[in-house]
Amino acid sequence: MLSAKNITKTYNVKNKRGLFKNNENSQVKALKGVNLEVQSGEIVGLLGKNGAGKTTLIKIISMLMEPTDGSLTIDGIDGLRSYEKAKSLINVITGGERNLYWRLNAVENLEYFGSLYSIPRDILRKRIEYLMKIFELDKYNDLPVERYSKGMKQRLQIARGLINDPKYLLLDEPTLGLDVDIAADIRNYLKFLAESEKKGIVLTTHYLDEAEELCKNVSIISDGEILESGSIQSLKSKLSMTPKTNIKMTYESKDEFLKYLSSMNIQSNNLNFSQDKKTLSCKYDTDMLYKTNLIHEFIKAGARIVDIRSEDYSLEDVVLELLA
Amino acid sequence: MLDMIIGTYKRKRKELKNATPLTYILGRVIRGLFTILVSHFMYENVFNQTVSDSFIENSGSLDYMTFVVIGSAVHVLGVSTMMSVGRGLISELRMGTLEPLLLSPKNKIAYFLGLMVEQVQRSTVEFIIVLLFGVLFGAKLSFLLSIKSILALSLIIISFFSMSVLVAAMMIYTRDTYVTQNTLFIFMYFICGISFPISYLPLSLQAISSVFPMTHSINLVRYLASGTLLYSNWVTSISFIVILSTLYFMLGYGWYRRYEKKILENNLS
């Protein structure tokens, strides 16, 4: 298990005031006691606005940066003290086109990145062959990376992140700026890595649909603090917004229908009647709908229920409400 | 460690092969050649092939062209090694490839060594070109074809490597290449006795020049060339080279290690 506990990070920022004036130093708290846990085979989403602290947290978990306070253990190894041991268990994949040598081809890139880890030569060769195949890059090995498309570069980035066969992968916006179909491919690779190869994955993304599709658990971070953590379902259940139900009905006579509702003191101002098809639709708080037995009253008023559908809140609703 | 040295060497070699390496060496070779040409024209036409007694005394009785060619060639060797290894980390930062390197659990000395091994190949070519050109203008360099000279040059390359680790730490810390390469290397060109004996400099500058391994490296090669290699001179030069190299390496690598986990902070803070 990868476990980061009570991670705090404070940056010292120099505000330059001019050549002959003293610099002003100020401190920025980028992370304020953040906790994060990832199990093997699990994808954990880290969601938040730009500047919320996602990338700083990824850099600390990947031991590229030291926290001001807190602890980090990766499969029982102290990531802050024995980080050279712990580093072989993780790798980081970022979105965009950096982190690759553009003048080299894919195999040359992977050979170099493999040499940064203690991997026996024959194992490294087999691993490169495997990665080139599963990421469908083997057909393009004559091309230098500078001639790759965005999607190919991103696939190579993921292959690079897997070169040391890490147990935990940290992905920072891996589908940023990619076409829809390529982003879908990347998501499929990630599912495969978690499900089949049992990699523990931390995913930061701005695309909430992506998090909803991939992550079992998510943490929502804002201003250096985790606002909420848990499964997407549990976060949705904490929404203060009242669940709504949409109803679609047909009716015989609008006047008789409204007359009955009026006699029962039922408000009709949120009923949307369509002119020609004799159908109407409306939206009610789900709780209220069932407590007042409103559907039964509609039927009594002469309506036939065509469709009842409760509105499912998306992760976006959760994030928007928490960040509001 | 060996994997990383070989890996870095191969990667750099392939990158340069795909990016017309001639442009990388041409500038430094031309600079070395121009130093020789300017010195030749001044020696032939301004000084009429005469040098002062003080020059003869301070140069170990070397003729002027041999003196300048040795200075120029060692300067080319030093600057190219320091430039390549020194710029290594900051180039990775600018290309966006520093992160995967920092993620590696391996000791980064292997990375610097890989860059050095690759650079030594190119530096040697540059060094030889400058020497051959020097021979055309009358420099007497046959002394270089000896085991003693090869050992001395190997030590000199190691000293340049050590200084380049400090240069690398300095460049990544200041996020600047221009001040270091344009100011430091030009300052070294003036102060390390490339085209005139350092005894012509004011005492304060002479003291500063003695902290650069390049000064002692050039002296060592000139002692070898003069054939009047006194034991005391030889020991002094080698001692300075070894002590300064150790100091620069420890200082540079220590600085890098302390700063390693802060390198990426500047991008985020």
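**Figure 1. Strand 3 of chain A and the strands beside it.** In strand 9 of chain A, the residue bridged to A:Leu47 is A:Ile220; this close-up, like those that follow, is drawn from a predicted model. Strand 3 and strand 9 (residues 217–222) of chain A pair in the parallel sense, and four bridges join them. Strand 3 (residues 43–47) of chain A also runs parallel to strand 8 (residues 200–204) of chain A, again through four bridges.

**Figure 2. The six-stranded sheet of chain A.** Six strands of chain A make up an open sheet of mixed pairing, in the order 6-7-8-3-9-10. Its edges are formed by strand 6 (90–94) and strand 10 (225–231) of chain A, each of which pairs on one side only. On average, and with direction ignored, neighbouring strands of this sheet are turned by 15 degrees against each other. Helix 5 (residues 150–161) of chain A lies across strand 6 and strand 7 of chain A, and its direction is at about 170 degrees to that of strand 6.

**Figure 3. The surroundings of A:Asp172.** A:Asp172 belongs to strand 7 (residues 168–172) of chain A. This residue counts as buried because it has 22 C-beta neighbours inside 10 Å, where 20 or more are required. Leaving aside residues up to four places away in sequence, A:Asp172 touches A:Thr55, A:Ile58, A:Val92, A:Thr94, A:Gly95 and A:Thr204. A:Asp78 lies 94 residues away from A:Asp172 along the chain, and 23 Å separate the C-alpha atoms of the two.

**Figure 4. The hairpin of strands 4 and 5 of chain A.** Strand 4 (residues 69–74) and strand 5 (residues 77–78) of chain A run antiparallel and are joined by two bridges. Two residues lie between the strands, and A:Asp75 takes a positive phi near 50 degrees.

**Figure 5. Nonpolar cores.** The largest nonpolar core has 139 residues, and those with the most contacts inside it are A:Val202, A:Leu203 and B:Ala168. Helix 4 (residues 64–95) of chain B gives the most to this core, contributing 17 residues. A second, separate core has eight residues, including A:Phe257, A:Leu271, A:Phe298 and A:Ala301. Around A:Leu203, with residues up to four places away in sequence not counted, the residues touched are A:Ile43, A:Val44, A:Gly45, A:Leu46, A:Leu171, A:Ala211, A:Leu214 and A:Cys215.

**Figure 6. The two domains of chain A and the four-stranded sheet.** The domain assignment divides chain A into domain 1 (2–237) and domain 2 (244–310), and the centres of these domains, taken over C-alpha atoms, are separated by 51 Å. Four strands of chain A form an open antiparallel sheet in the order 12-13-11-14. Strand 12 (272–273) and strand 14 (303–310) of chain A each have a single partner strand, so one side of each is left without a neighbour in the sheet. Strand 11 (residues 244–251) and strand 13 (residues 279–285) of chain A pair in the antiparallel sense over seven bridges, and A:Lys248 stands opposite A:Ser281 of strand 13.

**Figure 7. The contact between chain A and chain B.** The contact draws 29 residues from chain A and 24 residues from chain B. On the side of chain B that touches chain A, the elements giving two or more residues are helix 1 (2–17), helix 5 (98–103) and helix 12 (265–268) of chain B. Helix 1 of chain B gives the most to this side, with seven residues. By type, the residues on this side of chain B divide into 10 nonpolar, eight charged and six polar.

**Figure 8. B:Thr124 in helix 6 of chain B.** B:Thr124 sits in helix 6 (residues 109–136) of chain B. With 14 other C-beta atoms within 10 Å, B:Thr124 is partly exposed. B:Leu77 is 47 residues from B:Thr124 in sequence, and their C-alpha atoms are 7.1 Å apart in space.

Key
Residues numbered from 1 in each chain as written. Chains lettered and ligands numbered in written order. Predicted model: local features only at pLDDT ≥ 70, side-chain atom pairs only at ≥ 80, totals over all residues. Contact = placed C-beta atoms within 7 Å. Nonpolar A, V, L, I, M, F, W, Y, C, P; charged D, E, K, R; others polar. Domains from an automatic or database assignment. Core = buried A, V, L, I, M, F, W, Y, C linked by C-beta atoms within 7 Å. Buried ≥ 20, exposed ≤ 12 C-beta atoms within 10 Å, placed from the backbone. Pairing = 2+ DSSP bridges. Axes fitted to C-alpha atoms, helices over the stretch in contact; angles between N-to-C directions.
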